[in-house]
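Visitor: I am new to this structure. Please show it to me, and then we can read it together.

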Amino acid sequence: MLFEFPTEELTVPGLRHFRRRVTPEMQTELLETIDRSPWQNELRRRVQQYGYRYDYRRKGLDVEARIGPLPDWSLELLDRFRREGLTDSTFNQLIINEYTPGQGISFHVDCRPCFDDTIFSISLGSPCILTMRQVSSNATKDILLEPGDVLSMSGEARYDWQHGIAARKTDRTQGRVIKRGRRVSLTFRRVLDN
Ligand SMILES: O=C(O)CCC(=O)C(=O)O
Ligand SMILES: [Fe+2]
């Protein structure tokens, strides 16, 4: 017998969503800080990388991947989240992604041999829907990420589900139509020793 789960009732083990953990004032401050550093233009969306350089073409870490320590402002932010109990992991790599309306990221599982279990991300700017897709069943679950939200993926959510953001200009959820603006996400990972 085939069971069909309504999307809302699906749970993704290992996925934790903390809402509105960064105030609008703090978000503005963070975005100003981020925009003072150079953006890389190699992908369709702009990115900044800190800690270790990820090679998108090879889908792995460069041999000479170490860039340096994470910026102080990001370590301070992580310290606060650690004090507030959102994570107990330590991270040494940060990728900042910028999405303008119409841009997304295709379904993927973050590089297994490159990064440790927990992937920890912060959303700034515009809301968007991130979709989780279970590899074994193709079941999907939409997560509305609003500015200031924090998402932590570990275990099944990290390894058995893909995640992606549809390349579109509006999102629809629970009868609401949400126009996308500029979104910036900060994704923290821990690089595994190989
Ligand atoms: O922008 C996001 O929230 C997701 C980014 C992501 O999945 C990645 O960089 O691997
Ligand atoms: Fe990812």
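Visitor: What is the order of the six strands in the open sheet?

Guide: Strands of a sheet pair through backbone hydrogen bonds, either parallel or antiparallel. Here the order is β1-β10-β7-β14-β5-β2, with antiparallel pairing. Two strands pair if DSSP finds at least two bridges between them. Strands (E, at least two residues) and helices (H or I, at least four) are DSSP runs, numbered from the N terminus. This is a predicted model: local features need pLDDT of at least 70, side-chain atom pairs count only at pLDDT 80 or more, and totals for chains, interfaces and linings use all residues. Residues are numbered from 1 along each chain as its sequence is written, while chains are lettered from A and ligands numbered from 1 in the order in which they are written.

Visitor: Which strands stand at the edges?

Guide: β1 (15–18) and β2 (46–50) do. Each has a single partner strand, so one side of each is left without a neighbour in the sheet.

Visitor: How many bridges join β7 to β14?

Guide: Six, between antiparallel strands. Ser 123 has Ser 185 of β14 as its bridge partner.

Visitor: Which residues are around ligand 1?

Guide: Ser 185 is one of them. Ile 95, Asn 97, Ile 105, Asp 110, Ser 121, Leu 130, His 163 and Thr 187 are the others. To be near the ligand, a residue needs its C-beta atom, placed from the backbone, within 6 Å of it. β5 (93–99) and β14 (183–189) each supply at least two residues of this shell.

Visitor: How many helices and strands are in the protein?

Guide: There are three helices and 14 strands.
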